[in-house]
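Here are my notes on this model, point by point. Please keep the structure open while reading.

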Amino acid sequence: MLKTGLTHRGTNAVKMRAHRGPQRGVVMLEALVSIMIVMLGIIGIAGLLAKSTNLAGQAQYRTEAGMFAEQIVQTISLGVDRTSDATLANSLKAFEHQASGAKPCTFSGSTVNQSSPVGQLLMGARGDLQKVAGLPGAEDDGQQVKVESINNINRVTVTLCWQGPNDGDKRNYQIQAFVQ
């Protein structure tokens, strides 16, 4: 009996090996599929990291543009003559910089004196001053300070345009303030 049991077990082992033959390589295939899934995940994470870095750079430029624009508005607000409504409107007009232009970020018209405080801020936004990085790709015709005075309401609009290293189009930041 013992001998018969051993022989029976030996036959089952042979049968098991015969059934395993067509399944050879399945483990290898499963491992390759698993590796591919993990690699796709890693590539996706790398793509997200690159996109987030690009967006962080854009946010930095927008913040810097906002700071330059706010400084320009504050300089104008502090530098006007408020003796009367008429003198306020006239003194605001002295701060205008390229107040006309048909296309966005392509402005034209008279320019402010480069040595004035507003002129210095505009130069700083372009990166034309020493030790001031400015906005990338910013040019003189992409900066505008526009003053509108209607019924003693004085609106100052500052627009700054730039083009980052990875930007296809120019970006702009615009701020409006009412000076009384």
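1. Start with α4. In this predicted model, the buried residues of α4 are Val118, Gly119, Leu121, Leu122, Met123, Gly124, Ala125 and Arg126. That is 8 of the 10 residues of the helix, so α4 is largely enclosed by the rest of the structure. Arg126 is on the buried list along with Leu121 and Met123.

2. What covers this helix? The cover over the buried residues of α4 includes α2, β3 and β4.

3. Next, the nonpolar core. The largest one has 26 residues. Within it, Ile72, Ile76, Leu92, Val156, Val158 and Leu160 touch the most other members. Elements giving two or more residues to this core are α2 (26-79), α3 (85-93), α4 (117-126), β3 (143-150), β4 and β5 (171-178). α2 gives the most, with 6 residues.

4. Look at Leu160 in detail. Leaving out residues up to four places away in sequence, Leu160 touches Ala65, Phe68, Ala69 and Ile72, among others. The contacts of Leu160 also include Leu122 and Ala125, both buried residues of α4. Others on the Leu160 list include Leu135, Gly142, Gln143, Arg171, Asn172 and Tyr173. One of these partners, Ile72, is itself among the core residues that touch the most other members.

5. Now the disulfide. The structure holds 1. It joins Cys105 and Cys161, with the sulfur atoms 2.1 Å apart. The torsion about the S-S bond is about -80 degrees, so this disulfide is left-handed. Cys105 sits in the loop between β1 and β2, while Cys161 belongs to strand β4 (residues 153-162), so the pair ties together parts that are 56 residues apart in sequence. Are the two cysteines buried or exposed? Both Cys105 and Cys161 are buried.

6. Strands β1 (residues 100-103) and β2 (residues 106-108) pair in the antiparallel sense, over 2 bridges. Ser100 has Ser108 in β2 as its bridge partner. There are 2 residues between the strands, and Cys105 takes a positive phi near 65 degrees. This is the Cys105 that forms the disulfide with Cys161.

Methods: Residues numbered from 1 in each chain as written. Predicted model: local features only at pLDDT ≥ 70, side-chain atom pairs only at ≥ 80, totals over all residues. Heavy atoms only, no water. Pairing = 2+ DSSP bridges. Helix = DSSP H or I, 4+ residues; strand = E, 2+ residues; numbered from the N terminus. Disulfide = S-S within 2.5 Å. Buried < 20%, exposed > 50% of the residue type's maximum accessible area, 1.4 Å probe, protein only. Core = buried A, V, L, I, M, F, W, Y, C linked by side-chain atoms within 4.5 Å. Contact = heavy atoms within 4.5 Å.
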